[in-house]
Amino acid sequence: MLLLTSPAFALSAFLCFFAAVSAEDPYRFFTWNVSYGDIYPLGLRQQGILINGQFPGPDIHCVTNDNLIINVFNSLDEPFLISWNGVQQRKNSYEDGVYGTTCPIPPGKNFTYILQVKDQIGSFYYFPSLAFHKAAGGFGAIRILSRPLIPVPFPDPAGDYSLLIGDWYSSNHTTLKACLDLGKKLPFPDGILINGRANYTSFSVEQGKTYRLRISNVGLQHSLNFRIQGHQMKLVEVEGTHTLQTTYSSLDIHVGQSYSVLVTADQPAQDYYIVVSSRFTNPVLTTTGTLRYSNSTGPVKGPLPGAPTTEVGWSLNQARSIRTNLTASGPRPNPQGSYHYGLVNTSRTIILESSAGLINSKQRYAVNRVSFIPADTPLKLADFFKIGGVFRVGSISDRPTGGGMYLDTSVMGADYRAFVEIVFQNSENIVQSWHIDGYSFFVVGMDGGQWSESSRGQYNLRDAIARCTIQVYPLSWTAIYMSLDNVGMWNIRSEFWARQYLGQQFYLRVYTPSTSLRDEYPIPKNALLCGRASGKKEINPTLRSLSLYPLLVSSSSIVAATARPIPNQREPRCR
């Protein structure tokens, strides 16, 4: 048995290991300290969650197939987890950073995430996944660039900016969480942020040059519309897929989604409004930033550019217009259109219907009647160590069933390499947003009313956009095709964070009996063990010795800060 007796020796062994097995794939190291700190996003002091003292957290810049070594120190007074929205964690759901797969980092301890952005490009983000921490910050942008020899279907921009937009509350996340724990609803948000600020964010451009804006809706609930006064936006990428380069004057970006646009500074030299406003809400929340020409001759002026109609049809038509660029290369040199998903026969249809109601006199949300409750042990660890009684595969139906809502730790089973059709049915009068961890899927159709088999006649089986987060309009349906080519335990959730917290999620167990490293990596050497997995040992020590994930940094003690009340903080009224 090899003992790593010093950090230098551990690093040396790690580098030698990667040189042997993955010489072509670089690695990037990050050290993050997660702490509380005072922030003023809406002009009032409140407690935020900072990463290395920053709100939002630092960007991750990387290239296709890079290995990301992210050592996270938890200086909070409560457990903490980070998840990586859109990063597929190929063969490695252990690192997904949601409670169904990964043990939280205890207060005063650290954990090293070891990820690979395998065969991916595009714009994504990370966020804290536990205890409603997302309402306090802890999120940041992820930018995955193409490898140098892979052609990109547009010239290099003069600049590349990440914009994190989202609705925001001026109250402490613990107060919001307390509302939900009481079985109440949250009040209407207090504002909208652009990169952690309301009405003060600016971006500098030079006249005549073109810039790339990567825009992610990291908010808690509301769809947002993004527009720039006097400028058009050319859409070029959505969540890792190069798109047909359609030009828009404004874009609807639903919660959890990421878009990448090109903007040319082709107007007279002055400052221009960047506007973000809530969609389908009353009242409408609006915030502004500034697109600032380097040779500007004056400040912003004139009225704000108007929002699109409040009719859902406008947004639906825009969503249908977003298509895959079939001739562009993705993360590999072959064209994105070389995979003909429309010619593959589906082996299973899964219909997921959301619902809202009371269970035990408390507000809950459900999928196919089941309102998810977390188990005492991460499901992936319980599965790996064969711990009985934690969850039951098949505890959620793959079709809506009659009857009332109930509580369970819902897990749906699925076969590795199956090709499935999933229909999200929305019987409520709100726009919903759904995310699937571990995958990118083809959005083949969306329309109003109830889905039926005849709805397949309007599917786009040629150039549907491939992405990982999709909206479902009120009283409507959205259908996707998905190849289950990634073994693991994967979270399917509402991106409305209060709904996710109160049960509108479940896990998809993509299973193969094979134990080959070709299909799934073994449990990481440094995996935290908690719940009924505490003290467990590797079932197959041989697999552990083959793990691609050496123990780089063991959990060490650090000082944890304590959450504290903020004087004069505005407290929400639970609904």
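Predicted model: local features only at pLDDT ≥ 70, side-chain atom pairs only at ≥ 80, totals over all residues.
Helix α2, which spans residues 173-181, has His-173, Thr-175, Leu-176, Cys-179 and Leu-180 as its buried residues. Seen down the axis of α2, these buried residues fall within an arc of 165°, so they line one face of the helix.

- Just after α2 comes Gly-183, which takes a positive phi of about 85°.
- In helix α3, made up of residues 312-321, the buried residues include Ser-315, Leu-316, Gln-318 and Ala-319. Seen down the axis of α3, its buried residues fall within an arc of 160°, so they too line one face of their helix.
- The cover over the buried residues of α3 includes the strands β16 (247-248), β17 (250-253), β29 (441-448) and β31.

**Disulfides and other cysteines**

- The structure holds two disulfides, and, with bonded cysteines counted along the chain, they follow the pattern 1-3, 2-4.
- Cys-103 lies in the loop between β5 (82-85) and β6 (110-116), while Cys-530 lies in the loop between β34 and α6, so the pair ties together parts that are 427 residues apart in sequence.
- The torsion about the S-S bond of Cys-103 and Cys-530 is about -90°, so this disulfide is left-handed.
- Cys-103 is buried, with a relative accessible area of 2%, and Cys-530 also counts as buried because its relative accessibility of 16% is under the 20% cut-off.
- Cys-179, which is among the buried residues of α2, forms a disulfide with Cys-574, and the two sulfur atoms are 1.8 Å apart. Cys-179 lies in helix α2 and Cys-574 in the segment after α6, so this pair ties together parts that are 395 residues apart in sequence.
- The link of Cys-179 and Cys-574 has -80° about the S-S bond and is left-handed.

**The six-stranded sheet**

- Six strands, in the order β24-β26-β34-β33-β28-β31, form an open sheet in which the pairing is mixed. Its edge strands are β24 (392-393) and β31 (469-472), each of which pairs on one side only.
- The edge strand β31 is also included in what covers the buried residues of α3.
- Within the sheet, strand β28 (residues 432-436) and strand β33 (residues 488-494) run antiparallel and are joined by three bridges; Trp-434 has Ser-494 in β33 as its bridge partner.

**Strand β8 and its partners**

- Strand β8 (residues 140-145) is mostly covered, since five of its six residues are buried.
- Strand β3 (residues 60-63) runs parallel to β8 and is joined to it by four bridges; the bridge partner of Ile-60 in β8 is Ile-142.
- Strand β7 (residues 122-128) runs antiparallel to β8, with five bridges joining the two strands; here Tyr-125 has Ala-141 in β8 as its bridge partner.

**The setting of Glu-520**

- Glu-520 is found in the loop between β34 (505-511) and α6 (541-545), and Cys-530 is placed in the loop between β34 and α6 as well.
- Glu-520 counts as buried because its relative accessible area of 18% is under the cut-off of 20%.
- The side chains of Glu-520 and Lys-380 are joined by a polar contact of 2.6 Å.
- Leaving aside its neighbours within four places in sequence, Glu-520 is in contact with Lys-91, Ser-93, Tyr-94, Lys-380, Val-487 and Gly-488; one of these, Gly-488, falls in the residue range of strand β33, 488-494.

Definitions and conventions
Residues numbered from 1 in each chain as written. Heavy atoms only, no water. Pairing = 2+ DSSP bridges. Buried < 20%, exposed > 50% of the residue type's maximum accessible area, 1.4 Å probe, protein only. Polar contact = N/O pair within 3.5 Å; in protein donor to acceptor, adjacent residues only side chain to side chain. Contact = heavy atoms within 4.5 Å. Arc of directions from axis to C-beta. Disulfide = S-S within 2.5 Å.
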